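Here are my notes on the model, written up as numbered points. Have a look at the sequence and the fold first, then read on.

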Amino acid sequence: MCGIVGIYNHPEAAKLAYLGLYALQHRGQESGGIVTSDGLRLHSHRQMGLVADIFSEESFKKLPGNSAIGHVRYSTAGSSELKNCQPFVVDYSRGGIAVAHNGNLVNAMAVRAEFEAHGSIFQSTMDTEVIIHLIASSKQNSLVERVQFALNRIKGAYSLVFLTETRMIVARDPGGFRPLVLGDLHGSPVVVSESCALDLIEAKYVRDIEPGEIVVFDKDGAHSFKLPETKKHHCIFEYVYFARPDSKIDGDNVYDIRKGFGHQLAKEHPVEADIVVPVPDSGVPAALGYAEASGIPFQMGLIRNHYVGRTFIEPEDSIRHFGVKIKLNPIRDLIQGKRIVLVDDSIVRGTTSRKIIKMVRDAGAKEVHFRISSPPTKWPCFYGIDTPDRKQLIAATHEIDEIRRYITADSLAYLSTESLYWFQKGDSKGFCDACFTGRFPVPLTDHPEMTQFSLWED
């Protein structure tokens with residue numbers, strides 16, 4: 001998961017990109033960067049760390065121009081180091097071009113091997129770089145044709161924003177795995193991963209970029225092109241966890257959907273208890289829904305330290321496990337002697353859930369009933385979410401009661417796959433839920449070891 005932003009033809013382009021990245025910080029905390037165009041050349045500032053630490057007044061002086069693209073990253077392809085920071089910038093025979101990418105390609109290694117066999121040299125270990133090589137090697141005349149050529153060669157998940165000296169181009173993969181939103185700021189086009197970034201800079205929401213759509217912004221306006229159509233595969237985990245609850249994705253309000261998960265969970269898995277407590281922050285809307293549907297009082301029994309990063313997306317296990325202890329603190333007076341319904345969005349390895357339940361029990365909870373607002377996570381994701389190998393996913397190798405015993409809950413229940421799509425009347429059409437079902441909609445060229453498990457869609 002990463003966050004991308006693009007602003008075309010605005011005098012404060014770099015600072016608007018910075019604010020947009022600030023709103024998208026939840027999508028990546030390892031590195032960030034902004035590339036601007038002054039009409040003649042591209043200017044870049046990229047660095048490891050959080051947005052607030054990367055940019056300063058001094059750095060903005062080095063980012064002149066009326067157009068900018070930006071990126072916040074957490075790594076799913078390529079190591080977490082400076083050479084893999086985005087936006088990725090190159091000069092080639094037709095000028096300068098920069099690209100920022102949210103998603104994950106599933107045939108990047110195969111394409112890269114073809115280029116390297118003919119002597120091509122790569123600067124990074126990112127899958128994104130193969131897109132630039134494909135554009136540079138294309139014999140097509142126009143830039144949009146070269147982009148189309150490149151995108152027809154790659155497979156997987158991508159929301160992209162390109163910047164040249166005079167144009168900004170955005171593209172979304174035909175399946176629409178990752179979100180991409182178009183806005184308008186006093187006549188200047190703005191493109192962001194989530195609508196919450198538009199809210200921050202007071203830009204007007206226009207529409208979502210359509211799956212398989214390429215939009216070119218230049219001095220003559222906006223021009224839309226389409227890639228060959230395919231089935232839609234919006235990522236359901238965006239709604240479960242990744243997107244901010246104040247965002248809309250493909251027209252759907254994330255907060256309302258998460259609260260609905262809680263409603264469904266209470267109907268499917270009721271329990272006698274005294275209070276409903278969310279695991280903050282991602283468990284809050286579902287816990288509110290559970291409390292509302294069950295009539296059990298909602299309480300913020302766990303308080304989050306917001307100066308600690310999201311432990312799920314930290315790259316090192318040691319940091320993730322340390323973060324569990326420092327991230328949350330129970331309110332003993334609320335919890336002591338109570339039967340608790342603890343609501344979280346997912347269980348991945350189970351180690352975090354086990355530690356949270358221990359915290360709650362140590363604070364005096366009489367019973368702990370764990371409720372998860374998504375189905376069991378049984379499969380890794382290859383489309384842009386950094387889930388572990390399948391053998392590390394506790395639900396892939398353990399039954400629910402075995403997981404319950406491991407995390408030491410009095411009861412454990414997950415949302416059913418059908419109820420996950422309550423806002424679609426139970427119909428999963430148009431969504432990717434491979435992490436729950438193992439139905440991978442795009443064949444994993446670079447991961448042949450998964451073929452024995454996977455059930456490709458027609």
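**Notes on the model**

1. Let's start with a cysteine: Cys435 is buried, with a relative accessible area of 10% (buried means under 20%, exposed over 50% and partly exposed in between, using a 1.4 Å probe and protein chains only). The cysteine sulfur closest to that of Cys435 belongs to Cys235, 6.4 Å away, which is too far for a bond. Here a disulfide is a pair of cysteine sulfur atoms within 2.5 Å.

2. Some ground rules before going on. This is a predicted model, where local features need pLDDT of at least 70 and side-chain atom pairs count only at pLDDT 80 or more, while totals for chains, interfaces and linings use all residues. Residues are numbered from 1 along each chain as its sequence is written, and side-chain values use heavy atoms, with hydrogens and water left out.

3. Back to the cysteines. How many disulfides does the rule give? The count comes to zero. Cys85 is a further case: its sulfur is 11 Å from the closest cysteine sulfur, that of Cys2, and so too far away to bond. Cys85 is also buried, at 0% relative accessible area. As a reminder, a disulfide is a covalent bond between the sulfur atoms of two cysteines.

4. Now the sheet. Six strands make up an open sheet in the order S5-S6-S7-S8-S12-S13, and the pairing is antiparallel. Strands S5 (88-92) and S13 (221-226) sit at the edges with a single partner strand each, so one side of each has no neighbour in the sheet. From one strand to the next, the twist averages 20°. On terms: strands (E, at least two residues) and helices (H or I, at least four) are DSSP runs numbered from the N terminus, and two strands pair if DSSP finds at least two bridges between them.

5. Zooming in on one pairing: S6 (residues 95-105) and S7 (residues 156-163) run antiparallel and are joined by eight bridges. Within this pair, Leu105 stands opposite Gly156 in S7. Helix H6 (residues 143-153) packs on the sheet, where it touches S5, S6, S7, S8 (168-172), S12 (213-218) and S13, contact meaning heavy atoms within 4.5 Å. The direction of H6 makes about 155° with that of S12. Axes are lines fitted to C-alpha atoms (for helices, over the stretch in contact), and angles run from 0 to 180 degrees between N-to-C directions.

6. Next, the aromatics: there are 19 pairs in the structure. Rings of Phe, Tyr and Trp (its six-membered ring) pair if their centres lie within 6.5 Å; planes under 30 degrees apart are stacked, over 60 edge-to-face and the rest tilted. Phe115 and Phe122 have ring centres 6.5 Å apart and planes at 65°, so that pair is edge-to-face. Both partners are on the buried side of the scale: Phe115 has 14% relative accessible area, and Phe122 has 11%.

7. Tyr239 and Phe423 make a tilted pair, because their planes are at 35°, with ring centres 5.7 Å apart. This pair links distant parts of the chain, 184 residues apart: Tyr239 is in helix H8 (residues 236-242), and Phe423 is in the loop between helix H16 (417-420) and strand S23 (431-432). Tyr239 is buried at 0% relative accessibility, and Phe423 is buried at 18%. Elsewhere, one aromatic cluster is formed by Tyr74, Phe237, Tyr241, Phe242 and Phe436.

8. Two charges over rings. Arg390 lies over the face of Trp379, 3.8 Å from the ring centre. The charged end of Lys15 sits over the ring of Phe60, at 5.7 Å from its centre. The rule wants NZ of Lys or CZ of Arg within 6 Å of the ring centre and within 35 degrees of the ring normal.

9. Finally, the backbone. Lys425, not a glycine, has a positive phi of about 60° and is exposed at 83% relative accessibility. Thr408 also has a positive phi, near 65°, and is partly exposed at 32%.
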